[in-house]
Amino acid sequence: PADLGPGAPGGLFAWLRGRCLGRGAAVDPARDTFGAMTGLYGAIQPADSVSLSTRTHGAVFNLEYSPDGSVLTVACEQTEVLLFDPISSKHIKTLSEAHEDCVNNIRFLDNRLFATCSDDTTIALWDLRKLNTKVCTLHGHTSWVKNIEYDTNTRLLVTSGFDGNVIIWDTNRCTEDGCPHKKFFHTRFLMRMRLTPDCSKMLISTSSGYLLILHDLDLNKSLEVGSYPILRARRTTSSSDITSSGSSGPRAAGSPCHQNDSGPLSEKHLSRPSQREGGSPRNSLEVLTPEVPGERDRGNCITSLQLHPKGWATLLRCSSNTDDQEWTCVYEFQEGAPVRPVSPRCSLRLTHCIEEANVGRGYIKELCFSPDGRMISSPHGFGIRLLGFDAHCSELVDCLPREASPLREIRSLYSHNDVVLTTKFSPTHCQIASGCLSGRVSLYQPKF
């Protein structure tokens, strides 16, 4: 009967399903609080806009809040990093020569220490308590550095760039001269790299439409070509496709896409049989060509890559080979062995998608999840769209469709006069920030 079993209503089967999906008070005690916070986004409006002169800093390429939400940092086209108090909208400081070229990404290691990366091939570490000088500068990449991740458990910094390299930096042994580092992984046409919240997986997107997943991640183990087992994946194509010139893709963070010709994955390594049986080996590589609506043929470029804050799914912004169409797509992680032994492995399943405005071609638009994972903020023309998995902003696990469904547009917000390139939710307040090509930063929060 439906009224029997633990935690009725719903009965035993509903309770078991909820436990398997990782739901319940023991797993997520703040779920109701996040639900109330999500409801506030229905009243969100442009709260304040910070107009900035483009003569000094140029376009806004990335935004990042400190973990406690007290500082908003802005990565700019013309070598600068801007810092704001997001509550009062007050300008705190400008790091006028943070780098010698475009600043692409910012990552906080804790509430005070943060890292920036640049087209000048370097990474810089900064301390909010002493911003007059860098803590240190890290040298190791040979081309534009586009992405920074951080493993809080091991205190390892992970960076990726258009040289195709993923490099590990040991911040435990950081000095004024830098940090010990090693090359961890290499692939051609690398665009973005992310770590899951528990750092058990690394995802890498490419301008040729491939998504690479390193399972059971061990950052302490340096990977040479051929040292990782290959997991057979659905729609995995031949090695000649991976190592071919492919599409040049759009400009990353306002810069022409760099085509790297070194270190391709060879056919003998791609054809290695699966080693999943008997337990997954560390750093197992899976190669996918994610399904994109309306773009059944290969050639799409995965420009932006984000992960659900609870590690349930990945969020991609994809553009067509001709750069005339864009989509925002959500793929849930599917763990375990294939359903049928003869089936190829595939860790991702497309659950939701929506077509995006084809405005500002040649520039990457960085989108993001809300802190609770119920909503997506996506650049859309001269503004942003707030998207949900359903009209009620339900949890992803509560509304998983059998087939791919459209994302629901909850609200559209427009306060820019140019193409929006990046957007970010505050981790602690009901606030969203967005930055555009002409250098304007806008903040949005509820108004009643």
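Modeller: In this predicted model, Tyr-150 stands opposite Leu-157 in β11. Strands here are DSSP runs of E with at least two residues, numbered from the N terminus. Strand β11 covers residues 156-161 and pairs with β10 in the antiparallel sense over six bridges; two strands pair if DSSP finds at least two bridges between them. The hairpin of β10 and β11 has four residues between the strands, and Arg-155 takes a positive phi near 60° there.

All seven of the seven residues of β10 are buried, that is, under 20% relative accessible area with a 1.4 Å probe and protein chains only. β10 (145-151) is also one of the elements that give two or more residues to the lining of the largest pocket, as do β2 (60-65) and β28 (420-425), among others.

That pocket holds about 990 Å³ of space. A pocket is an open set of points on a 1 Å grid over the protein atoms alone, where a 1.4 Å probe fits, with protein on both sides within 12 Å along at least five of seven lines; lining residues have an atom within 4 Å of a point. Its volume is the space filled by probe spheres set on the points, which are joined across faces, edges and corners. Of its 28 lining residues, those closest to the centre are Glu-64, Arg-107, Leu-307, Pro-309 and Lys-424.

Residues are numbered from 1 along each chain as its sequence is written. Local features need pLDDT of at least 70 and side-chain atom pairs 80 or more, while totals for chains, interfaces and linings use all residues, and side-chain values use heavy atoms, without hydrogens and water.

Key:
Buried means under 20% relative accessible area, exposed over 50%, partly exposed in between (1.4 Å probe, protein chains only).
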